[in-house]
Amino acid sequence: MTLEGLLPELAVIRKDFPILERTLAGGVPLIYLDSANTSQKPQVVIDTMVDHLEHHNANIARAMHQLGAESTEAFEAARDKVAAFIGAPERDEVIFTKNASEALNLVANTLVWPGERQVGPGDEIVITEMEHHSNIVPWQLLTQRTGATLRWFGLTDDGRLDLSTIDELITERTKVVSLTWVSNMLGTINPIAEITRKAHAVGAIVVVDASQAAPQLPIDLSAMPVEERPDLLAFTGHKVVGPTGIGVLWGSRAVLDALPPFLGGGEMIETVRMEGSTYAGIPHKFEAGTPPIVEAIGLGAAVDYLAHIGLDAIHAHEKAITGYALEGLRSVKGLTVLGPLDAAARGGAISFELDGVHPHDIAQVLDSRGIAVRAGHHCAKPAHARFGVQSSTRMSSYLYTEPREIDALVEALEYTRSYFKLDRA
Amino acid sequence: MTAQDLDALYQEIILDHYKKPHGKGLREHAGHTAEVHHVNPTCGDEVTLRVHVSDGVVEDVSYDALGCSISQASASVLYDLVVGKSVDEAMAIHQAFLTLMQGKGTVEPDEDVLEDGIAFAGVAKFPARVKCALLSWMAWKDATAQVVAGDGDN
Ligand SMILES: Cc1ncc(COP(=O)(O)O)c(C=O)c1O
């Protein structure tokens, strides 16, 4: 099967991911359609991490020996790779965190403390109804702690942000606008530039959750006009073919310098006296303690791998697979896709409902055929509530997904319908 | 999991209860009732369940549940098994069901006690689904304890 836009070297790419060779109980081959949850890892990421542990392991920054120097160099080289991956204006603006959740919490926590950007009563924080819980709960905590007010963009029936209220939502009271670039449930791609321009015009800072965007959209922060460039951007390593335990917060130097430290500890200081301490500059100011060294190095290899294939090509592949999947899913009786139906306007995560079968039961039947999908609320309960559904089934593709895997999904959904005897009253 | 495992999980009895649940819907009663709302945070399954007890007997269990076939069917079986029993007997049935579900597939269920509930023996082998099967049962225990303790709505 050839589909326009597919990665030309798809067969070779699939060979890079050893797990795709796996068979599951009953000898069925794995069909992995849960990449929005976590992506699989290419051999080069695994090898880079093993090589580091086997040959270069030492703590960074504080070890005055050869291994320490090698380890530090590898860790800082990973920062350079991540900076290049997102086109960061400065490599020191890249902060390593544990995951996207920690990156978002870092921002929402430091805005509580005294500083140039401190949020207080009367201030407003604007989010959206399609956020992952990781971009809702930290802001609820912030508003509870500061007396500020949380507001949000609602959604249209076709799963886009309802921008008709933008003038009422983003006002001179707005201190922060935080939103996802690509929805992990609806797949929607949000107009980041337009919203950032509007927020900047009222002096608010913009935080973008790029957890689902970084895997599939080319990001070039330096190329964005300053008025349209977010101030902070978070993503998580394990969704960009990197390991778990590592995430990224990019922030403009101006904003990061204005935020007080997050966690205190080793490496984040300039000097420590019993009476008080002074802090290191960015990025170290926000990296207290021994970081996930080998995970950061693995992430560096991961983003290099993606950059080598090319994010434009990966995006085209995702669009082609998503379009093909939308078409296939539409052929299943009683199936409703949640979110935009136009493959060009969405990412590669497709949530759907199947009349008469609960998502859990769908996922269980699919699993018996080796097909891995996600069932539940995908950490986006408010977005589900908006569409009056309690949970959904989500398939998500990535650069290694083949059209035949979508065919297998569609066939397995037909089988699910017959298993639950949906055509019999 | 294989196709056979799938059939072990989705016994015909379970699918029948799922399609035609017994006792579903919330009903009003005068006196001794308690209502609870339980949620399975990992999947979002929810149940609102009311227990009505009179003279030490479970007179009614009524419920409104959102969830998968396993959680819906287990609420239906719960209704069949505990309504009309004394609170003590019902608690013993609850214990037998709990033991079955927590037995990782090693417990041999007693059909005299659990009736259709024995169909859930297959579910016990799927750790991810045990919580689904127990959702309404845990809600029932909680509500019943409240009525018995007199915290319910008298
Ligand atoms: C849009 C979005 N934001 C945030 C996260 C949180 O990522 P993590 O759990 O790695 O912190 C996820 C992934 O689950 C996501 O899809």
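A polar contact is a pair of N or O atoms within 3.5 Å; within protein, one must be able to donate a hydrogen and the other to accept it. The model shown is predicted.

**View 1. Two domains of chain A.** Domain 1 covers 10-41 + 310-424, and domain 2 covers 47-308. Their C-alpha centres lie 28 Å apart. In contact across the boundary are 38 residues of domain 1 and 36 residues of domain 2. About 3000 Å² is buried between the two domains, with 55% of it on carbon and sulfur atoms.

**View 2. Polar links between the domains of chain A.** The interface of domain 1 and domain 2 holds 25 residue pairs in polar contact, both at pLDDT 80 or more. On the domain 1 side, the elements giving two or more residues are α1 (10-16), α10 (311-330), β14 (349-354) and α12 (381-386). That side has 17 nonpolar, 13 polar and 8 charged residues. The rule finds 1 salt bridge across this interface. D157(A) and R386(A) pair their side chains in a salt bridge at 2.8 Å, N to O.

**View 3. Chain A against chain B.** Here 22 residues of chain A are in contact with 25 residues of chain B. The buried area is about 1800 Å², and carbon and sulfur atoms give 50%. Q364(A), Q390(A) and Y419(A) lose the most area on the chain A side, together 31% of what that side buries.

**View 4. Polar links between chains A and B.** The rule finds 2 salt bridges across this interface. One of them joins the side chains of K421(A) and E12(B) at 3.3 Å, N to O. Polar contact links 14 residue pairs, both at pLDDT 80 or more. In chain A, α11 (359-368) and α13 (403-419) each supply at least two residues to the side touching chain B. α11(A) gives the most, with 6 residues.

Definitions and conventions: Residues numbered from 1 in each chain as written. Chains lettered and ligands numbered in written order. Predicted model: local features only at pLDDT ≥ 70, side-chain atom pairs only at ≥ 80, totals over all residues. Heavy atoms only, no water. Domains from an automatic or database assignment. Contact = heavy atoms within 4.5 Å. Buried area = accessible area lost by both parts, 1.4 Å probe. Salt bridge = Lys/Arg side-chain N within 4 Å of Asp/Glu carboxyl O. Polar contact = N/O pair within 3.5 Å; in protein donor to acceptor, adjacent residues only side chain to side chain. Helix = DSSP H or I, 4+ residues; strand = E, 2+ residues; numbered from the N terminus. Nonpolar A, V, L, I, M, F, W, Y, C, P; charged D, E, K, R; others polar.
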